[in-house]
Amino acid sequence: MPPLSLHPFPPKLIPTPSLLFNPQSPNLYPQSSHLYYHTPNSTPKRRRFGLQIKSLDAAQVFDYESKLAAQFRSSQTLTIAIIGFGNFGQFLAKTLTRQGHTVLAHSRSDHSAAAAKLGVSFFPDPHDLCEQHPHVILLCTSIISAAAVLSSLPVQRLRRSTLFADVLSVKEFSKALFLNALPPYFDLICTHPMFGPESAKESWNELHFVFEKVRIGEEGSRAERCEKFLSIFEREGCKMVEMSCVEHDKYAAGSQFITHTVGRVLGMLRLESTPINTKGYETLLDLVENTAGDSFDLYYGLFVYNKNALDMLERLDSAFEALKAQLFGRLHDVVRNQLFGNAGKVRPLQEENVNQNGAALVRSSIAGRPLKVHVLDSSGDDNSMLRVGIVGFGNFGQFLAKTIVRQGHKVLAYSRSDYSDVARLLGVSYFSDADDFCEEHPEVIILCTSILSTEKVLMSLPLQRLKRSTLFVDVLSVKEFPRSLFLQRLPPYFDILCTHPMFGPESGKNGWNGLAFVYDRVRIGNEESRVSRCDQFLDIFAQEGCRMVQMSCEEHDKHAAGSQFITHTMGRILEKLGLESTPVNTKGYKTLLNLVENTAGDSFDLYYGLFIFSRMKMILNICCQHHQRMNLHLHLLWRLSTFRTTKTTFAPNFWMSFMITAPDGNQSVKTLLPVCKPLEVGSTTSFI
């Protein structure tokens, strides 16, 4: 071999024909050591055989890049075993597998088909699952069966550093269960995702995830594994709330338990959607839908295993009784005789008015019938604008005035209280004298008074100073009452339009688009100018995007009894409870808080009017609700009457007391539930 000399370029290694290429390796394995170096000044010998390229850019034994990437991915993922592969277990598994974690599952029921679809390994035998040595055991059972399921696991087959986690809705119970039933070398974390398959079917973003690190080993790997588990939920956008189990249960009694209670009571009423749903009623329907998918075992577990739940149930009872007392305290025989004693005389008077006036009585029982509106040109044609007089310039009158003025109409206002400053700010002409108001000849008069004061206010107006073609409109929450009042008290030459905007200052503060506006053309003259004026008035709401619903007053009140009244009832009951926002609000609880906010601004006169002016429907509804609450209490009591255990079970550490009174008020049952020591295996304990 010629000696090597210094050269600015490195020498090239030239293989001889005796070198063979191994296609299984990038290395060249020589059969002999016939190698020589080639420099620019030397002439290489001619090769008989060249190298054959078997692969290009393939992973090689010395290619650590792919190895490191695989190791990194492996270090960021966990093997998680879900115990209890029902709805909630499958709900969590979808996200876990999507994030790349290995998911195992075990359940008493056969969910192997569902597991296969989700990419989950299903094990019917818990021994086989535990022998896989998962990093995390995630308990997704019901509250009632948690102790039995946990005791059935062969935990001796697990690694002694395994992390146990639960997702139960009560935390003090699960914490005590873990600490008492599991050996001290296991790590423990108690968690509660404050959402479920219904409330989080779109996303987990901004939803609360509550956790307490009950017992985590000191080794860095254990702490790191716990953080990896929590990061699963953090990556999905959950609001991570670290909170003690005691504090969680305190908040949960005031939020989650009351939400499920209200949802189940409303579910028993079998509420249905109506053509004139208010925003509040739609929230109640959503609440029923969200809670209907949960088993009674979940609700029962929230009741039994949270020592604050009974207090909340008793407060709910007290609030309902207080509301009933407030309603019936204002109800007396004289008022009801005045309201309904002459009900039979109303219809003949209606026929007489129609005959005298010759006006077409336009009524429709077709809910949701679209209104054919013509959009007015508001470019400045005064003839297209109306002179609208508002009688009763309180919150709702001012709320309507803002939109009517914005559309270019002339608005006059009259009220017994002085609202002149507010009217000036809104661009409204205010009159403190009813005679002056009527002498301005408004084309439309809107009665925006309370239900209870409507008749008194109407009778105080100097009707003789108005034009005989004036259109009278009301916006009361009940419709049969103002219809009868108008037909009885107004001369036959006045036009009558009964309306109900199914919204108010709170629910309509962001616009009226899509909100229902119900109307009944009770009496409109045949003249084209009168029909056109009525259409112009309805156009005010149609232009704002309202859903225009032509419906008879009778049909309106039938629907309102099942929607509007129950909405206000629940809102007022919850208001008396003094519900407050918590750091762990669920979607359902936020619904209840919004309901309270929407109804709290309404006066009790409005609620009382809804109750008294829709005849016996309201009383039957409120009594029906009382009956359903009684059924719910009896169901809970029956479940408490006998506690049978197959293995040692840890019950909640408190005393429960019940006082149940039958509807006739004569019978009562008092029940005490003494708990908290482990119950013996196979024992049956009766508490009645």
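Mentor: Start in helix α7 (residues 220-235), which holds both Phe 229 and Phe 233. They sit four residues apart, about one turn of the helix. Helices (H or I, at least four residues) and strands (E, at least two) are DSSP runs, numbered from the N terminus.

Two notes on reading the model. It is predicted, so local features need pLDDT of at least 70 and side-chain atom pairs count only at pLDDT 80 or more, while totals for chains, interfaces and linings use all residues. Residues are numbered from 1 along each chain as its sequence is written, and side-chain values use heavy atoms, with hydrogens and water left out.

Now the rings. The whole structure has 24 aromatic pairs. For Phe 229 and Phe 233, the ring centres are 5.7 Å apart and the planes stand at 75 degrees, so this pair is edge-to-face. Rings of Phe, Tyr and Trp (its six-membered ring) pair if their centres lie within 6.5 Å; planes under 30 degrees apart count as stacked, over 60 as edge-to-face and the rest as tilted. Ring pairs also join Phe 229 and Phe 233 into a cluster whose members include Phe 88, Phe 195 and Trp 204.

Are they buried or exposed? Phe 229 has 1% relative accessibility, so Phe 229 counts as buried. Phe 233 is buried too, at 2%. Buried means under 20% relative accessible area, exposed over 50%, and partly exposed in between (1.4 Å probe, protein chains only).

Phe 472 and Phe 494 form another edge-to-face pair, with 5.1 Å from centre to centre and 65 degrees between the planes. This pair links distant parts of the chain, 22 residues apart. Phe 472 belongs to strand β17 (residues 471-474). Phe 494 lies in the loop between α18 (480-489) and β18 (495-501). Both Phe 472 and Phe 494 are buried.

Follow β17 to its partner. β16 and β17 pair in the parallel sense over four bridges; two strands pair if DSSP finds at least two bridges between them. Val 444 has Leu 471 as its bridge partner in β17. Strand β13 (residues 387-391) also pairs with β16 in the parallel sense, again over four bridges. There, Ile 390 stands opposite Ile 446.

Look at the two sides of β16 (residues 444-447).

β16, α17 and β17 make a right-handed β-α-β unit. Right-handed means that, with the strands pointing away from the viewer, the path from the first strand over the helix to the second runs clockwise. Thr 454 lies in α17 (residues 454-460). Thr 454 counts as buried because its relative accessibility is 1%. Beyond neighbours within four places in sequence, Thr 454 is in contact (heavy atoms within 4.5 Å) with Leu 447, Thr 449, Leu 476, Phe 481 and Leu 485.
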